[in-house]
Amino acid sequence: MNKYRKHILLAVLGAMVLFYASDWLLRDVLEAPFRSRRDRIEDLQGDIDKREEELHSALAVGKRLDALKAESLPADPEKARSLYQTWLLELANYVKLSNPTIDVGQPAGRRGLYQVIACSVRGQGTLSQVTKLLYEFYCAGHLHQIRSLTLTPLKGTDELDVSLSIEALILPDVSRQDRLSTGHVARLAYGSLQDYDIIARRNLFGAGSTWDVTDHTYLTAVNYVDGRPEAWFDVRTESKLLKLRQGERLQIGSFEATVAEITDTDVLLDVDGELWLLGIGENLAQAAAIPPER
């Protein structure tokens, strides 16, 4: 019996050794090379995908650079300066700005990558004319941008004093030497000038609307004349200074109020039976309503 038990134990031990040896052979001898090769293939595929993405990006950048070169000012800096100045003047005349003046600076290099021409445009015109100017500017196929735009209402008219600061670029390796781009680009959200008529219809600077009047009329000081306080109101839309005493009317456009009380630092205005408190340095739109006494 012991003899058979010994043989059985040896058989079981042999089976266990064979099992673990087979498992080791399968995992480390046969599967390991396949696993290593699979990982290597995945790494190579990842590298291929990355390089393809870089290639697509480079091609996209190349196409974008070609498009920018097509919009660039001519390669000859002096020609570019002269032609662009003429184009700006033609644009100002096209939208019928009054008294247009165009200043174009000398081209300045930026780290050897491109050249910048700084320009300024001044003139007078309505908001409708300004809208047309901006539309034509952004539709033109030139590599340029408006750095700043200042619009100042002109007293007694519906016109604005217009001031623009502009930059135009010359890129290297541009094939055109003596002419501007004649193309058009779709930089704007809408393709028709009529889509922007709403800007001119809003009358942003007109003194005829209550909002504009209150937003641009400031209480600038309280001064005593002959011992009596005066409230000084600066109506900036009309470049006018009003000096009012208690009981006098403040009327600008459709806005009306009575000066109910004047102190050293603020004024009480009676607006249709409601009292509004206005401090020095505030505009009428910032006046605070005083709740009625209960």
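Reader: Is asparagine 99 buried or exposed?
Author: The model is predicted: local features need pLDDT of at least 70, side-chain atom pairs count only at pLDDT 80 or more, and totals for chains, interfaces and linings use all residues. Residues are numbered from 1 along each chain as its sequence is written, and side-chain values use heavy atoms, with hydrogens and water left out. By relative accessible area, under 20% is buried, over 50% is exposed and anything in between is partly exposed (1.4 Å probe, protein chains only). Asparagine 99 has 60% relative accessibility and therefore counts as exposed.

Reader: In which element does asparagine 99 lie?
Author: Helices (H or I, at least four residues) and strands (E, at least two) are DSSP runs, numbered from the N terminus. The backbone of asparagine 99 has a positive phi, near 50 degrees, in a residue other than glycine. Most residues other than glycine have a negative phi. Asparagine 99 has its place in strand 1.

Reader: What is the phi of aspartate 173?
Author: Aspartate 173 lies in the loop between strand 5 and helix 4 (197–201). With a relative accessible area of 68%, aspartate 173 is exposed. Although it is not a glycine, aspartate 173 has a positive phi of about 60 degrees.

Reader: How many helices and strands does the chain have?
Author: The chain has 294 residues, and 30% of them count as buried. Its secondary structure comes to five helices and 13 strands.

Reader: What share of the contacts with a separation of 6 or more joins residues 24 or more positions apart?
Author: Contact means heavy atoms within 4.5 Å. Among contacts in the chain with a separation of 6 or more, residues 24 or more positions apart account for 54%.

Reader: Which residues touch the most other members of the largest nonpolar core?
Author: A nonpolar core is a set of buried Ala, Val, Leu, Ile, Met, Phe, Trp, Tyr and Cys residues joined through side-chain atoms within 4.5 Å. The largest one has 27 residues, and helix 2 (77–94), strand 1 (98–104), strand 3 (114–125), helix 3 (127–139) and strand 5 (160–170) each give two or more residues to it. Another core, of 20 residues, lies apart from it and includes Val213, Leu219, Ala257 and Leu278. In the largest core, the residues that touch the most other members are Leu73, Tyr84, Trp87, Leu88 and Ile166.

Reader: Why does the span of helix 3 agree with its number of residues?
Author: The expected span of a helix is 1.5 Å times one less than its number of residues. Among the buried residues of helix 3 are Leu127, Val130, Leu133 and Phe137. The 13 residues of helix 3 should span 18 Å, which agrees because its end C-alpha atoms are apart by 18 Å.

Reader: How far apart are the C-alpha atoms of serine 165 and glutamine 145?
Author: Serine 165 is in strand 5 and, at 28% relative accessibility, counts as partly exposed. Leaving aside neighbours within four places in sequence, serine 165 is in contact with Cys119, Gln145, Ile146, Arg147 and Ser148. Serine 165 and glutamine 145 are 20 residues apart along the chain, and their C-alpha atoms are separated by 8.7 Å.

Reader: Which residue meets arginine 122 in a salt bridge?
Author: A salt bridge is a side-chain nitrogen of Lys or Arg within 4 Å of a carboxyl oxygen of Asp or Glu, and a search of the whole structure finds four. Arginine 122, in strand 3, has a partner in strand 5, 39 residues apart. The N to O distance is 2.9 Å, and the partner is aspartate 161.

Reader: How far apart are the closest N and O atoms of glutamate 230 and arginine 245?
Author: Both glutamate 230 and arginine 245 are buried. Glutamate 230 lies in strand 7 (residues 228–235) and arginine 245 in the loop between strand 8 (240–244) and strand 9 (249–252), so the pair ties together parts that are 15 residues apart in sequence. In their salt bridge, the closest N and O atoms are apart by 3.3 Å.

Reader: What is the N to O distance between arginine 249 and glutamate 256?
Author: Arginine 249 is partly exposed, with a relative accessible area of 44%. Glutamate 256 is also partly exposed, at 37%. Their side chains meet in a salt bridge with an N to O distance of 2.7 Å.
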